[in-house]
Amino acid sequence: MRSLVTEFRSFSWCARLLMVQQFTINTAFYMLMPYLAVHLADGVGMAAWAVGLVLGVRNFTQQGMFLVGGTLADRLGHKPTIMAGCLLRTAGFGLLGFVDALPALVVASAATGFAGALFNPAVRACLAQEAGERRVEAFAAFNVFYQAGMFVGPLVGLALLATDFRLVCSVAAALFLALTVVQLRLLPGRNGSASGGSGGVLTDWRSVVRNRPFLLFSLAMIGSYVLSFQVYLALPLQAHRVAPGSGDAVTTALFAVSAAVAVVGQLRITAWARARWSAQRAIVHGIALMGAAFVPLVVTDAVVDRRSGLLDWILELLSLFTAVALLGLGTATVYPFEMDTVVSLADGRLVATHYGLYNTVSGLGITLGNLVTGAVWDAAHSLGHPELSWAALAATGALCAGCVALLVRSGRLNPRREPEPLAVVS
């Protein structure tokens, strides 16, 4: 904790504000969203298809509009885009707690999703600009606050749910409104990182899409996002399979372990990796570790008979928690170097737009990857070989690491020139 405080104080006050802001954003988001589906189904009485529609609209709107949000950040500046996103999420979260008609809930969900598309690329581009040559360290510290918010949010939400779901929505909306006020007063009004050309938005988008090294890197990294998302999909399914009747408790413990790895170990992991590897090699080794995280589950599901006794049940749980810890370790290794690589490949131009497209590609990849993972899970269990689903995920990690390694070897990911400092808007 002392090292985190020291590292945190070493950054500019604007970078520190962005880190604390991200903690607040994640706390507010995760205190509400994990419980929204149950509220819509049980509290509002909506059919399952309607619940899926409301949740799907939020995800689709956010993933589909990341590029637009990044472009607005580059064109209008980081500050107004971040503020607009937080203000829009204030309205969206407020509506979610106080309306029960499907059209109104869809509008609220869309507003919540578009809000994320507005501030996510802008926050990362702003942090990269503030950090300068210390981007890797800044994103490592940023991830600590990010993961801490993901951990604290559901706990706060669960406590507030004892009173009323409307209270959860009201507190979450109030936090985003408070962020908007803080940003208005404290966030510096710096420009984005657009090229300044007169070609328009389509010209900017063509420039980003034609950035072949960036596009190849974005595609190669899809597998890493599919793997990291399994803490929400395959690993909870395994928790319920291994511990029927206690699956929710085991899943909560898995989330705690995943968050703890980042919160406690992120700075040490980043420093250790940076002392030994280049940024690109750290990404390769981190993804390889993410894939290897599923190997213990391959072994136990292949050789352990869950009906044979307490020892086998303990082995299953140990392999599950080992997988989560290794997955968290690999993700923590990759993240700061990955974010830094996006800036390097952007060549300091249209950074938020690059982040926006990168988020869109990864989001679409997660959606497709989840469909494939679910299908493989069902097929593997119907065949009586559940280990095949874990083997497929391990192979995904190896393939993803191999693709990034090929890009490194070809020199496509070599850092380019650093961006020049941008002027402050008066």
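Trainee: What does Asn120 touch, leaving out residues up to four places away in sequence?

Mentor: Gln62 and Phe66. Contact here means heavy atoms within 4.5 Å. Asn120 itself sits in helix α5; helices are DSSP runs of H or I with at least four residues, strands are runs of E with at least two, and both are numbered from the N terminus.

Trainee: Why is Asn120 called buried?

Mentor: Buried means under 20% relative accessible area, exposed means over 50%, and partly exposed is in between, using a 1.4 Å probe and protein chains only. Asn120 comes out at 12%, so it counts as buried. Bear in mind that this is a predicted model, where local features need pLDDT of at least 70 and side-chain atom pairs count only at pLDDT 80 or more, while totals for chains, interfaces and linings use all residues. Residues are numbered from 1 along each chain as its sequence is written, and side-chain values use heavy atoms, with hydrogens and water left out.

Trainee: What makes Glu7 and Arg134 a salt bridge?

Mentor: The rule asks for a side-chain nitrogen of Lys or Arg within 4 Å of a carboxyl oxygen of Asp or Glu. For Glu7 and Arg134 the N to O distance is 3.4 Å, so the pair qualifies. Glu7 is in helix α1 and Arg134 in the loop between α5 and α6, 127 residues apart. Arg134 has a relative accessible area of 29%, so it is partly exposed.

Trainee: How many salt bridges does the structure hold?

Mentor: Five. Another one joins Arg135 and Asp340, with the closest N and O atoms 2.7 Å apart. Arg135 lies in helix α6 and Asp340 in helix α15, so this pair ties together parts 205 residues apart in sequence. Both Arg135 and Asp340 are buried.

Trainee: And what about Arg274 and Glu137: are they buried or partly exposed?

Mentor: Partly exposed: Arg274 has a relative accessible area of 39% and Glu137 has 22%. Their side chains meet in a salt bridge at 2.5 Å, N to O. Arg274 is in helix α12 and Glu137 in helix α6, so parts 137 residues apart in sequence are tied together.

Trainee: Why is the pair of Phe139 and Phe142 called edge-to-face?

Mentor: Rings of Phe, Tyr and Trp (its six-membered ring) pair if their centres lie within 6.5 Å; planes under 30 degrees apart are stacked, over 60 edge-to-face, and the rest tilted. Here the centres are 6.3 Å apart and the planes stand at 80°, so edge-to-face it is. The two residues lie three apart in helix α6, about one turn of the helix. Phe139 has a relative accessible area of 0%, so it is buried, and Phe142, at 0%, is buried as well. The structure holds 17 aromatic pairs, and ring pairs also link Phe29, Tyr30, Phe93, Phe119 and Phe176 into a cluster.

Trainee: What makes a set of residues a nonpolar core?

Mentor: Buried Ala, Val, Leu, Ile, Met, Phe, Trp, Tyr and Cys residues joined through side-chain atoms within 4.5 Å. The largest one has 117 residues, and Leu32 and Phe93 are among those that touch the most other members. Helix α2 gives the most to this core, with 15 residues. Not counting residues up to four places away in sequence, Leu32 touches Phe93, Leu96 and Phe165, among others.
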